[in-house]
Each structure stands twice: as structure tokens, then as C-alpha cells.
Amino acid sequence: MATFLARRFLWFIPVLLVVALITFVLMKAAPGGPWDRDPEAKQVDPRTQELLARQYGLDKPAWRQFIGYLIGDVDKEGQFVCGAVCGNLGPSYRQRGKTVQQILFQPPPEKSFFDSKFGHTLRLAVLALAFALVVGIPAGVFSALRQNSWIDYALTLITNIGIAVPSFVVAFFSILIFAVGLKLMPVVQKSWAGITPFIIPAIVFGFGTMAQTARLMRSTMLDVMRQDYVRTARAKGLLEQAVIWKHMLRNALIPVITTLGPAVAGLLTGSIVIENIFGVPGVGRDFIQSIGNRDYSMIMGTTLFYVVLILLGNLSVDILYGVVDPRIRVE
Amino acid sequence: MAQATTSLPRATPSTLPATPSQSQWELAWRRLRRNRAALVGGVLVVIYLLAAIFASSLAPHNPIKDYGAAKAFLPPFWQSDSPAGKAFDPAFPLGTDQQGRDVLSRILYGTRTSVVAGVLPVTIVVLIGATLGFTSGYLGGSADNLLMRITDIFYAIPTELLLILVMVTLGDTALGKAANGVPLFLLALAAVSWSGLARLMRGSALALKSLSFVEAAQSLGASRAHIITRHILPNSVGVLVVWIAFAIPRFIIAEAILGYIGLGLRPSLNPNDFFITSWGRLFLDAYSIIGSQPGFLLSVAAVVSVLVISFTFLGDGLRDALDPRMKK
């Protein structure tokens, strides 16, 4: 297990390196620098631009900027400043005096971590996941136990639609229904404190995952129901409840648990669009704003952070596999 | 030889059930025809295709002509009056936007762009992904290893994120400005989705490679190119077709998301141009006037959902028809 983990963590290095390189090359290929404004607006004068470029180390050769960003570089006083490897994602070009990690993770004064940018994204993702599991698993089980009944068909239709229609489109429908039609919420929320404002965005965001969970749960339940050990349990005269809970559910949950890793990673990193539509002040909305602002260090930092989340999500599945199902063991 | 077989009971045409021999495709078509949901999906997809092709003849109005404030915010047919207090006008079945432009015509023209945005990239991705996947899967060795490592890396990058990155950084270059941004969009989509297909095709080639008919062809001295084009490729077409059926709606949605963020195709202001608007732009336009014209957003969302659901039903049906073993 230790060597397996070590190997997997070592694999993170080339992945992150390639992602950083792609992002860096793309940003260098983009015309215009971070100090350019709209062509119509008054431009920052060349002298100031030069000073800014020097302050942010943009006057150095590209390769040195790249390595300096990832590993670290010597600052003006000759001190070594550690780069992305130490979690230092660099100073934001647009939000002066703040580093990228401060923007992403630091809550406003006297607020908890959950009120930071990432805290909002996290709250959205956790609620979406909770919705997906709390609704998806029972729906799948119920569907399988009542196979070919009208309720099974109805649930299957809903899951099919949930899988087909992306959250991007579901979001607009939900705004039309809940904000315009029923007037249960404003089109754009003013406060994002607590849980309530997140409920509808989270349901929308988790809808696809819910549908996938329900479909998977249904098919594995149908599979498990035909296993010999279930027949044996029934033959022993166990109560149907015990057969369902102890013999079927436990085994049918295994595939669902193993999809959790990618699901969590997907929910944490996939909220860019949902955050933008609902106006959730999270990492994803910030990402789009920093793109408009050409805030390159923000773009780079957020991208790397997202990729780390996905890598950890994928890794956790492989570990979970071994934990929940002793038949599968990592070599 | 002939004598040895005469003594054995032989299956003659008269002892076999009287069904004409059927090719794999005829069988698949029969299975598909029995699947009602898939058929409905297929018919709807064809209708959308026709609407896209004939958008200019079907549209009742010029999609970028503004009929002015008097005709602005007209309600769609299911509302007798709009929040803006205007009465329904039969000349504008789905109503008008804030500039008095006809919503139906705009959606029809948007369909054209979005269908192109879904279909064109698929061709490119299939060419790149399938070629790389087949060759590496069939040849194996270090080339295969390299491809797998590269796809592993792409697997770790969220596609949305990469797509946005490419579109935003290259959007203002000469490439991004060319032809309404279509070439860049194609390139970006190809860049983010080739690896998934390459992986799939590699798996298919690997599985087929060990089957006896490929072994037989090898022992008869068939060349690699012959085996790939005559044995591996035809037997992977089913997997490929299903992938395409699911990829097209994904690409259409990708365009819609980019358009909504303001990064997608650049609509042209010349009514004679091909790209006047897209579904992504329409989402952006419609969401910005949701308070005074909610029907616009509803129309766009409904039109997009129906196509996406149709493709899913068609894709599910194709999967069941082309490979009954994969049936859920």
C-alpha cells in the first residue's frame, strides 16, 4: 500500500508539470499583457507597465518565470521565495497585495473558512453530493425492488433525463420555475450566508450525479438480487427486510462508493458554470472573472488547484476499492 | 473430401430455418427499429438537422432585424401578455427580445450554428482519436505506453476548464478571430476530447486483436494495415457510432456553455453570413432579460433540452442495437 501510494503521488508530478506548462504556454500565446485594458479605455502608461512587470518578475525570461512560479525564485532582496510546490500560488495581478491562495482560501475578516471562495464552492459541492446520494440511492433501490412497475418506469425516465440534460440547462429551468414562476428565490441571491441560498443551486448541480447514482444503484441491485447468497439468505428464512438491508444493499453499494471519488472531484471542479449562472461567489465564478481580467496568476493557480483536486479524487477511488471490497486489492 | 462429408448429416438449406442471411447492420437496424424511444429520438434529430439546413427559409423574419421599441418584449404564444404589458402578436410566435428581434428566427439560426458546432468537431476528433487509438492499441509497445500516459494526463484536466483556457487565451489571436471563431472552437474541442476516444478505440483494438479471426488473418500473412482496416476498424464501428451519438450533444452543450460565458463563436452582424447567433449566445441574451421576457429563456432551454434528450435516446438505442452484450 505504501509503495502504491508513493507511486501514485509521484505520478502527480508529471501531470501537474504538463498542466502548468500547457497553461503557461497558452497564457504566453495570448495577445496583450495583464496590464492592458479595453482598447477604448485609457491605457496604463508604458513606464508604469514596465515597473509593474519588474515587480511581478515579468521582465525575466519565460523559462525562468515558469520555474520561478513552480519552484521558487530569488526576490529583490536576495531572499528565496518558494513557489507553487510550497502552496504559494503567486501574487494576483489584479487584486493588488493579495496572493492567489489568499483570494481562494482566506475568508473575509471574522468569518469562518466556509465563507471563503473555496468555502462557497465546497458548500455547493457537499450539498450537491448529499442530494445525489440521499435521493439517488433510495431511488435506485426502490426502482430495482419494484422492477417493471410504473414507478420503476417513472424513475427510469427521470434518471434518463437527468443524465441527458446537463446541469447548465437544468439551471435555467430551475431559475424559471423557482425564481420567475414560484418566486421562491430571487434570480440573483444577495446573501450567501448559511445553507438556504445554496439549496436550489445544489439540487441542480447534483441532479446529474443523482441520476447516475440511481441508474447504477438500480442495475447493481438487480444484479445482486439474482446472486446465490441472496437466495441462500431467503432459504434460511431470513426476514425480507434483513435480506434487503444486510445482504443486498451492502453488496450493491460497492460500485456506488467507488464512483464517489470522481463524483466529488467532478462536483468540486465542475461548478464553474453553475456558480456563474446562480452567482455563487466561489472559485469558479472567480475563475471566469480572472479570465476577463487577464489575471494570469489567478488562472494558473486555480487551474493547478483544480487538477490537484481531481488527482486526489481519482486516487481516493483506487484506495476505496480495496477498502470496501477485499476481493479487489491494489498491487 | 466430398465422400467423407456425404455420410455426415449436413445442414442443407432445406433443414435450416428459412430466414435470409442478414448482415450485422441489418440486424442492428432491426433491433433499433423495435426501440420506440430511439426511433423518436432519431426522428427528432433529423428534424433539427433539417431546421438547421433550411433555417434561412424557415425563419419568418430576419433574425437580426430589430422591429423597434413598439415590437420589443412581445410575449410568446402561450402567454396572452408579457410582464412588459405587450399583447401577443401572431407574426412573432415565440415573441421578441428587447430590441424587437424575432425569437423564433433567432433560435432557428442558432440551431444552424449549434448543429455545425456539434457535428464538425466530431469529424476531427474521430480522425485524430480513432487513428491514434487503433494504431497504438494494435501495435502496443512504447508508442502505446506513451499514448496511455498522455491520455492519463488529459484525464486529470477538467475538460470545461481546458476548453475555457484555450478559448480565452487564443481568442484574440489571428486564429481565434478567423471565420467567426469556428476554427479555434474546433481546435479547442478536439484538444480536450481526442484522448477519451483514443482510449476507447485502443481498448477496442486490444480486445479484437486477441480474437481468433484476427489471428487467422495474421497467420494467412495479412499486413498490419490490412488487418486494421479490414478487421479491427469494421468491428469497432459500432463503438464509434455510439460514441459519436453521445459526443455530438456534448459538443453542442460545450458551445452553449462557452457562448453563455461569452467565449464561444463570434456572431456576425451581416445577415448574409452563416453565423448570426448560436444557442450559447441566445442563453446569454435570454438570461439577461429574464425579468421582462422569461419566455425567451424557456424557449431556448426547451429547444436545447429536446435535442439533447433525443440524442441520448438515439445513442442508447444504437448501443443496444449495435452491441446487444452492452445492453443494460
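Leaving aside neighbours within four places in sequence, Val300(B) is in contact with Ile107(B), Trp279(B), Leu282(B), Phe283(B) and Ala286(B), where two residues are in contact if their C-beta atoms, placed from the backbone, lie within 7 Å. This is a predicted model, in which local features need pLDDT of at least 70 and side-chain atom pairs count only at pLDDT 80 or more, whereas totals for chains, interfaces and linings use all residues. Residues are numbered from 1 along each chain as its sequence is written, and chains are lettered from A and ligands numbered from 1 in the order in which they are written.

Val300(B) and Met167(B) are the residues with the most contacts inside the largest nonpolar core, which has 164 residues; such a core is a set of buried Ala, Val, Leu, Ile, Met, Phe, Trp, Tyr and Cys residues joined through C-beta atoms within 7 Å. H11(B) provides the largest share of this core, 18 residues. A residue is buried if 20 or more other C-beta atoms lie within 10 Å of its own, exposed if 12 or fewer, and partly exposed in between, with C-beta atoms placed from the backbone. In soluble globular proteins, nonpolar side chains tend to be buried together.

## The two chains

Chain B contains 13 helices and 0 strands, while the secondary structure of chain A comes to 14 helices and 2 strands; helices (H or I, at least four residues) and strands (E, at least two) are DSSP runs, numbered from the N terminus. Of the 328 residues of chain B, 47% count as buried, and in chain A buried residues make up 36% of 331.

In chain B, 73% of the contacts with a separation of 6 or more are accounted for by residues 24 or more positions apart. For chain A, 67% of the contacts between residues at least 6 apart in sequence join residues at least 24 apart, and the C-alpha trace of chain A spans about 85 × 55 × 40 Å along its principal axes.

## The contact between the chains

The contact takes 36 residues from chain A and 32 residues from chain B. On the side of chain B that touches chain A, the elements giving two or more residues are helix H7 (159–170), helix H11 (224–261), helix H12 (279–288) and helix H13 (294–322) of chain B, and H13(B) gives the most, with 9 residues. By class, this side of chain B has 24 nonpolar, 5 polar and 3 charged residues, with Ala, Val, Leu, Ile, Met, Phe, Trp, Tyr, Cys and Pro counted as nonpolar, Asp, Glu, Lys and Arg as charged, and the others, Gly among them, as polar.

The axes of helix H6 (residues 150–164) of chain A and H13(B) come within 9 Å and cross at roughly 110°, where axes are lines fitted to C-alpha atoms, for helices over the stretch in contact, and angles run from 0 to 180 degrees between N-to-C directions. H6(A) and H13(B) are therefore roughly perpendicular to each other, given that angles of 65 to 115 degrees count as roughly perpendicular, under 35 as roughly parallel, over 145 as roughly antiparallel and the rest as oblique. In this pair, Asn160(A), Ile161(A), Ile163(A) and Ala164(A) of H6(A) meet Val308(B), Ile309(B) and Thr312(B) of H13(B), a contact with 5 nonpolar, 2 polar and no charged residues.

## Packing within chain B

H7(B) and H11(B) pack with their axes 11 Å apart, at an angle of about 55°, and are therefore oblique to each other. Glu160(B), Leu163(B), Ile164(B) and Met167(B) of H7(B) make the contact with Ala254(B), Ile257(B), Leu258(B) and Ile261(B) of H11(B), and the residues involved divide into 7 nonpolar, no polar and 1 charged.

H12(B) is largely enclosed by the rest of the structure, because 7 of its 10 residues are buried. The buried residues are Trp279(B), Gly280(B), Arg281(B), Leu282(B), Phe283(B), Asp285(B) and Ala286(B), and what covers them includes helix H7 (167–181) of chain A together with helix H5 (103–139), H11 and H13 of chain B.

## Two sites in chain A

Thr269(A) lies in helix H11 (residues 260–269) of chain A and is buried, with 25 other C-beta atoms within 10 Å. Not counting residues up to four places away in sequence, Thr269(A) touches Tyr306(A), Leu309(A), Ile310(A), Pro158(B) and Leu161(B).

Helix H13 (residues 283–292) of chain A is mostly covered, with 7 of its 10 residues buried, among them Arg285(A), Asp286(A) and Phe287(A). Just after H13(A), Arg294(A) takes a positive phi of about 55°.
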